Amino acid sequence: MMSSNYTAIDSQNVSGSVPAATDPPGQVAVKFTESNLQTFPPSSSQGKISGASGPPRDADDSFSKPVSGSDEPQQSGWFRAFTIAAYKPYFDVDTSDVLERIKDSLLPFTGSFSEKTADKPDLYGPFWICSTLVFVAASIGTFITYIAHKLQNKEWNYDINLVTWSAGLFYGYSTIVPLCLFLVLKYFSAPSGLVQLLCLYGYSLFVFIPALCLSLVPWEIVRWVVAGVAGFMSATFVALNLKHHIASAGERWFFIVAAIFLLQLALALVLRVYLFNVTV
């Protein structure tokens, strides 16, 4: 039943928005602003909320600008040398590439290693070759001294200095010698890439891995022969691969190649005295 205080709404007059009710006597009128419910969102923006369908401008900028702690550094110049991204290309090699370069290091008379690695020298192979040498030298040296002490019924103590000495020798030699050679060649106007020299010297040390394994043979003459052959192969590999490049340095190229060859033989002698030798 309809109350007498309200006016009935004729349904035929309703179209679009709801009309406001008439004010009966003695009542307060409540009016609502008209709104178009057929369109959402409204065409005009009110308040602080934008009526645009896209995200706020600051949200787009936050994804387009590089983050300060992102993985893509923006450094340039010398600062780039202290970033990981600067060294990624030198570790981007396949197993087949490393095995091929190891095979070339065991065939020293070809002298084609520098040409094959000129476009893409790597540091992955040299790093693991030096790491393997440190492990093999420390393991075999410890095993030999342990057996020798047991055979003579003597007390044996593990020598940690063998690990540190081997690490300093192999890592130091494969880094300092190429760096010095890089400066010498630059002085004689025959510059060579530092990474290429590090790659060449790193692979030249691979021949000492099987040589250290053969040092288990208990005969001194065999150890001298093994150390001599390994040193000669390593020295020949380095000298022949640098010969054609150093020849452009002038008349003194022969002395530079001879110094490189003798220095590699000196490394073999040091290994023979300190690592191929059993001290009880």
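The lining of the largest cavity has four nonpolar, three polar and no charged residues. Nonpolar covers Ala, Val, Leu, Ile, Met, Phe, Trp, Tyr, Cys and Pro; charged covers Asp, Glu, Lys and Arg; the others, Gly among them, are polar. The lining residues are S105, Y203, S204, V207, M233, S234 and F237. On a 1 Å grid over the protein atoms alone, a cavity is a set of points where a 1.4 Å probe fits but cannot get out, and lining residues have an atom within 4 Å of a point.

This is a predicted model: local features need pLDDT of at least 70, side-chain atom pairs need 80 or more, and totals for chains, interfaces and linings use all residues. Numbering starts from 1 along each chain as its sequence is written, and side-chain values use heavy atoms, without hydrogens and water.

Which helix gives the largest share of that lining? α8, with three residues. Both α6 (194–204) and α8 (220–246) supply at least two. Helices here are DSSP runs of H or I, at least four residues, numbered from the N terminus.

Now the helix pair. α4 (residues 124–151) packs against α5 (residues 161–187) at about 150°, axes 9 Å apart. Axes are lines fitted to C-alpha atoms over the stretch in contact, and angles run from 0 to 180 degrees between N-to-C directions. So α4 and α5 are roughly antiparallel, a label for angles over 145 degrees. Their contact, by class, has eleven nonpolar, five polar and no charged residues. Contact means heavy atoms within 4.5 Å. Among the α4 residues there are F127, L133 and G141; α5 brings others, including F170 and Y171.

Methods
Angles under 35 degrees count as roughly parallel, over 145 as roughly antiparallel, 65 to 115 as roughly perpendicular and the rest as oblique. On a 1 Å grid over the protein atoms alone, a cavity is a set of points where a 1.4 Å probe fits but cannot get out, and a pocket is an open set with protein on both sides within 12 Å along at least five of seven lines; lining residues have an atom within 4 Å of a point.
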